[in-house]
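Here is a short briefing on one chain.

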Amino acid sequence: MIRKKLRECKCLTLKLLRLKDNSHSIALGFTVGLLINFVPSFGIGPFISTACAKMIKGNSFAGLVGGISLIWAFPFFFYLNLIVGYLFYPIDVMDPSLDYASEAVDVGVQLGKAFFIGMFINIPLFGILTYFIIHSIVRRYRGTMLAYVQKKWNL
C-alpha cells in the first residue's frame, strides 16, 4: 500500500517536472492549487484547483498536483486560519447569565469571522511565498531534479 502511494507520488513528480511549460505557468498553477487547501472545498478541491489554475493562465496539471499535494494538511490550514483570525478578531468568552442557544450562535458567528479573516490573510502570504519558492526551484533545478527522481528514486 505504501509502496503504491510512493510510486504514484514519483509518477506525479515526474509528470510535473516534464511539463513543457515555462516556470511561471507551472509555479502559478501549483500555487493556486495549493492555496485551495486553505478553503473548505468539501472534497472537490482537486477539481477547483485545476479550474482555478486554468482560469488564471497557470498550468492546470500543476494546479492539480498542487491541490492534491497537501490535501492531507487541510486540518492544519483550517486551524492556522482560526489562529491568525483570532489574532485580528478575538473571540469573546461566553457569559453564563445569557441564553445558551443565542450564545452558541454568537460564538459560531465569531468563529466564522475569525476563520475568514485568517483565511484572507493566510492565502496571500502563503501564495506569494509558495510562488517564489516553486518558481525558483523549477527555473533553476528542474533538470537536476528530473534526473535525480528518474535514476535515484527507486521504488
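The largest nonpolar core has 11 residues: Leu-16, Leu-19, Ile-26, Ala-27, Leu-28, Phe-30, Ala-62, Val-65, Tyr-131, Ile-134 and Val-138. A nonpolar core is a set of buried Ala, Val, Leu, Ile, Met, Phe, Trp, Tyr and Cys residues joined through side-chain atoms within 4.5 Å. Buried means under 20% relative accessible area with a 1.4 Å probe, counting protein chains only. This is a predicted model: local features need pLDDT of at least 70, side-chain atom pairs need 80 or more, and totals for chains, interfaces and linings use all residues. Numbering starts from 1 along each chain as its sequence is written, and side-chain values use heavy atoms, without hydrogens or water.

- H2 gives the most, with 4 residues.
- Beyond its neighbours within four places in sequence, Leu-16 is in contact (heavy atoms within 4.5 Å) with Ile-26, Phe-30, Phe-61, Ala-62 and Val-65.
- A second, separate core has 6 residues, among them Leu-35, Phe-38, Phe-77 and Leu-80.

**Fold and form**
- The chain has 6 helices and 0 strands, taken as DSSP runs (helices H or I, at least four residues; strands E, at least two).
- The C-alpha trace spans about 70 × 35 × 25 Å along its principal axes.
- Of the contacts with a separation of 6 or more, 79% join residues 24 or more positions apart.

**Burial**
- Buried residues make up 35% of the 155 in the chain.

Key:
Buried < 20%, exposed > 50% of the residue type's maximum accessible area, 1.4 Å probe, protein only.
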